[in-house]
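Dear colleague,

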Amino acid sequence: MIDELVGADGQSGSDVPTWKEVVAKYQQPSVWRSAWQIVNSVAPYAGLWYLMYLLQAVSVWLALPLAVLAGAFLVRVFIIFHDCGHGSFFRSKKANNIVGAITGFLCLTPYYQWRWEHGLHHATSGDLDRRGTGDIWTLTVQEYLEASRGKRFAYRLARNPLVLFVVAPLFLFVIQQRFAFPRGGNRERYSVYVTNLVLLGMVAGLIWIFGWKVYVLLQLVVMMVAGSAGVWLFYIQHQFEGVYWQRREEWDYAQAALQGSSFYKLPKLLQWFSGNIGFHHIHHLSPRIPNYHLERCHKAEPLFQSVKPVTLSSSLKSFAFRLWDEQRHKLVGFRALKALRLEREKVLVKKPRQRRPDQAHFDPGLR
């Protein structure tokens with residue numbers, strides 16, 4: 001069905017205008033829905049911090065469960081921040097930028113720099129020749145085999161689940177976002193500086209209220225829950241069985257959206273906390289659709305529903321995915337390298353030798 005939608009070259013006559021017409025109906029934000037989402041996301045997040053303040057006076061252990069819940073609400077706050085970055089949360093550009101900057105402070109993320117980086121992610125998702133900005137570090141099998149020993153070690157470390165979903169989120173939001181990207185413009189750099197100044201004042205105030213030990217503990221729990229959940233969602237949205245990757249000359253926007261971004265079918269409660277971002281195939285097809293319209297858009301077009309869903313249980317397979325196999329057009333784990341080595345060794349054994357006896361065979365990629 002998806003091939004019928006986008007065609008072999010991404011253009012399929014009558015079908016392309018169809019999906020464009022469908023998504024256009026859902027690109028208009030609703031000020032009431034947006035306002036309500038702020039109320040039911042930002043307000044509970046602030047309220048939970050107040051309750052943590054009350055409970056920590058009795059025992060910090062009573063406040064920790066609320067910190068976990070606050071982390072879940074922070075995911076929803078990030079989705080508002082995310083939609084503002086796409087200019088989809090409000091009709092007004094100014095309103096998007098103001099709300100985006102404020103929610104960015106809560107997420108410890110500079111709004112304009114993140115918006116610039118995330119825009120590059122949308123423009124290059126699924127393109128093997130334009131990896132490296134706003135995505136998970138992914139090597140092809142051949143790139144891994146040809147890499148130095150140090151680079152292979154770094155890659156294995158980066159793809160370790162403990163590092164990827166526990167250490168990396170904290171590093172990303174607490175440390176990396178404090179620095180401006182060299183390739184960013186003045187606005188992006190200034191957004192980092194302003195965010196850092198605001199966070200300095202906000203952290204100083206909360207330390208004065210809670211005490212530094214209690215504040216650091218609660219903030220770390222909140223960021224660990226929100227960060228780990230956010231990185232997992234981002235990971236599963238582009239690292240799943242049957243995902244689309246192509247070289248630049250064969251890359252197609254619609255195919256990259258519908259086949260390179262997952263339909264993560266979550267239980268309703270998790271869908272609510274994640275702000276419908278599981279309908280990621282629709283989001284990549286049209287980033288101007290607000291999160292609260294994504295499910296309706298998905299249900300409005302049968303071709304969108306033909307995208308095979310990734311369920312909570314089936315998504316666990318993605319833990320094993322490490323490399324992109326260009327030969328077989330699929331994600332594979334490190335164990336697949338052993339099979340690949342055996343196949344190559346069999347080919348070398350069967351292949352008649354045509355070199356001189358004194359010429360020793362050496363293939364650095366397979367050692």
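**Findings**

Helix H6 (residues 111-124) and helix H10 (residues 186-210) have axes that come within 6 Å and cross at roughly 135° (axes are lines fitted to C-alpha atoms over the stretch in contact, with angles from 0 to 180 degrees between N-to-C directions; helices are DSSP runs of H or I of at least four residues, and strands are E runs of at least two, numbered from the N terminus). H6 is therefore oblique to H10 (under 35 degrees counts as roughly parallel, over 145 as roughly antiparallel, 65 to 115 as roughly perpendicular, and the rest as oblique). Tyr-111, Tyr-112, Gln-113, Arg-115 and Trp-116 of H6 make the contact with Arg-187, Glu-188, Ser-191, Val-192 and Thr-195 of H10 (heavy atoms within 4.5 Å).

This is a predicted model, in which local features need pLDDT of at least 70 and side-chain atom pairs count only at pLDDT 80 or more, while totals for chains, interfaces and linings use all residues. Residues are numbered from 1 along each chain as its sequence is written, and side-chain values use heavy atoms, with hydrogens and water left out.

A mixed, open sheet is formed by 3 strands in the order E1-E4-E5 (two strands pair if DSSP finds at least two bridges between them). Strand E1 (139-140) and strand E5 (330-332) stand at the edges with a single partner strand each, so one side of each has no neighbour in the sheet. Strand E4 (residues 323-325) pairs with E5 in the antiparallel sense over 3 bridges, and Leu-323 stands opposite Val-332 in E5.

With kind regards
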